[in-house]
Amino acid sequence: MTDMLLEVENLVIGMRRAGRPDAVIVDDVSFSVAAHERFGIVGESGSGKSLTLRAVAGLLPKGVEVLSGRIAYAGKSLTGMPPQERRRLMGPEIAMIFQEPMTALNPVIRVGEQIAEGPRRHLGLSKKAANTVAIEMMARTGIPDPERRARAYPHELSGGLRQRIMIAMAVSCNPRLLLCDEPTTALDVTVQHQVLKVLEGLCADTGTALIFVTHDLAVVNQTCTDMAVMYSGHIVESGTVADVLGDARHPYTQGLLGSAPDFDRPERRLVPIPGFPPSLTSRPAGCPFAPRCALAVDDCSKAMPTTELVAPGHTAACIMTAGVLA
Amino acid sequence: MLHRLRFIPARLIQSIPVAFGVTLIVFFMAHLLPGNAALALLGQRATAESVAALTTQLGLDRPLPEQYLIFLAQLFQGNLGTSLTYQVPVSDLLVQAVPVTLALLLYALILSLFISIPLAALAAFRPGGSRDLGVRGFTLVGQGMPQFWVGIMLLLIFAVRFRLFPVGGYGTTQLDHLYFLFLPALTLAISMSPTIIRSLRSSMINVLESEYVGTAKSKGSYGISLFRGHVLRNAAIPTVSVIGVNLGFLVGGSLVIERVFALPGLGSLMINSIFSRDFPTVQGVTLFVALFVVVIGILTDVVYTMLDPRVDMSKAVRA
């Protein structure tokens, strides 16, 4: 397993009060990403997918922290590493793209300078050389007239261009792992498609591995090779995209697929998942999805189901489906 | 960049009616004071005849509106009138006093930035922490102490007790000025810093929580370079207008402080001329101060525009 680029083992993220773990937001999450892999994490708002990603980047919001578990990058533990060593990885090894480029770009600095910042710091380039790299990166993300656009401020650019700037910034130091936090959610559908194409193209060219957090199954289907489905802080199902979307085992994944439109079968009626996700403070005992699940039996509420292998490389955490198929 | 400074000429034109209003108020307010210049000039033993003669000679017996029109007519010719007490053009008095006051204000502004930026950063880095509490304590105390009292305390400690600084005066060479003006400037800086610190601290806390600081961290930026590159400039934007407003107040404060430190600036000139009912000088000083505050307002907007590329003042003027 040491050939894995990123390994996350039994990650627990939450808040502490008076030194004791108080609220657990992400519970016992494990996954791994190989070099060149494109890994999608799907879930609804509050499922803990973004926090998982931010934990990998070391950018958890104030008050939220990794309570236990291990995050290892290229065999080295990120969680146990001194902060200055970890910062040196940010940029040339691990880079991140944020959801809302308007707020993720500094409004008072020209975008070219913001892209050049990473190369100047990590590659030791002069201001001029870093600027050339920035323009080059902008051209690679398909920004027309990059010399002129490099001198623009974020508010002078469209949403699609801004997200391309974010991408150019993230790939400017040639990272081996790119973390994407819903990078297309703030964009309209056509622009979303273009931005995804750019991202895919860049990753294919450079062999950069990708972790892609989104609530959009279609985007995962288009971009990723492997995926995990998160619900209420747990990974409920994971495997290759073809397995998980083509042969969904967990009732929540099935519910997600049933509630999303399918262009191959436009006549099919959408079936919503009844109810709401549990709040963090009143998470039910046992399987968190049980109260909304059509297949739920009494045992579901007794203990969190273990994650079972349902097919080679395909796991699900459900006593019903795992029991049926065992 | 330059096209965003188009608002300046419009703002200058707008300041003309403001200046007019100021002259009107200053002129009539000054004449509400009991007593007149002739009396003040001639002293207590003056006879009624000599006072009346001097009053006529100075033109003080004419109706007030007429005096005001004469004052305005002179003003348009660039003539602020002649000081009744010193018998020299008011503009000459201003030329001597203005540099002292301007140097004092600039010095105070620079010192207060040197005090405020590190303290605000210290406080904002961990809100609610012990350093934050310390800085907030300092701002409370700083705001609670009257300026003249701070000035006197600094004098007593650093000039009288330790003999590190002169007790008053302005010195003769440039270097002298820096040395002589240190304590008065520090006094003003101490009274101005709390407001700047409060504003900077809260905007820094906001900036530190913003997404773009997260982005900067994801590029490996941290510590001083993160602070300089992504925090200070953004946090300074709201603080600039706070400073602009407070500079106006600082002008008033500097008039008092000049008295405490015996500086030959506008404050001393103003107070002396009020006591001697030297109306042309009072009017000249007040007019200058009013215009100065208007200019500070425009400068504030210029700095604002330079710091924040999203701001376009020319639109604000038209609206």
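Helices and strands here are DSSP runs, with a helix needing at least four residues and a strand at least two. On that basis, chain B of this predicted model has 14 helices and zero strands. Reading from the N terminus, every element is therefore an α in the run α-α-α-α-α-α-α-α-α-α-α-α-α-α.

Some overall figures for chain B. The C-alpha trace spans about 85 × 55 × 35 Å along its principal axes. The chain has 319 residues, and 34% of them count as buried. Taking contacts between residues at least 6 apart in sequence, 71% join residues at least 24 apart.

Now one helix pair. Helix 11 of chain B covers residues 223-260, helix 12 of chain B covers residues 266-275, and the two pack with their axes 7 Å apart at an angle of about 85 degrees. Angles of 65 to 115 degrees count as roughly perpendicular, so helix 11 of chain B is roughly perpendicular to helix 12 of chain B. On the helix 11 side, the contact is made by B:Ser254, B:Leu255, B:Val256, B:Glu258 and B:Arg259. Helix 12 of chain B contributes B:Leu266, B:Gly267, B:Ser268, B:Met270 and B:Ile271. By class, that contact has five nonpolar, three polar and two charged residues.

Last, the interface. How many residues of chain B are in contact with chain A? There are 18, and they meet 22 residues of chain A. Helix 10, residues 211-218, and helix 11 of chain B each supply at least two residues of the side that touches chain A. Helix 10 of chain B gives the largest share, six residues. By class, this side of chain B divides into four nonpolar, eight polar and six charged residues.

How values were computed:
Residues numbered from 1 in each chain as written. Chains lettered and ligands numbered in written order. Predicted model: local features only at pLDDT ≥ 70, side-chain atom pairs only at ≥ 80, totals over all residues. Buried ≥ 20, exposed ≤ 12 C-beta atoms within 10 Å, placed from the backbone. Contact = placed C-beta atoms within 7 Å. Axes fitted to C-alpha atoms, helices over the stretch in contact; angles between N-to-C directions. Parallel < 35°, antiparallel > 145°, perpendicular 65-115°, else oblique. Nonpolar A, V, L, I, M, F, W, Y, C, P; charged D, E, K, R; others polar.
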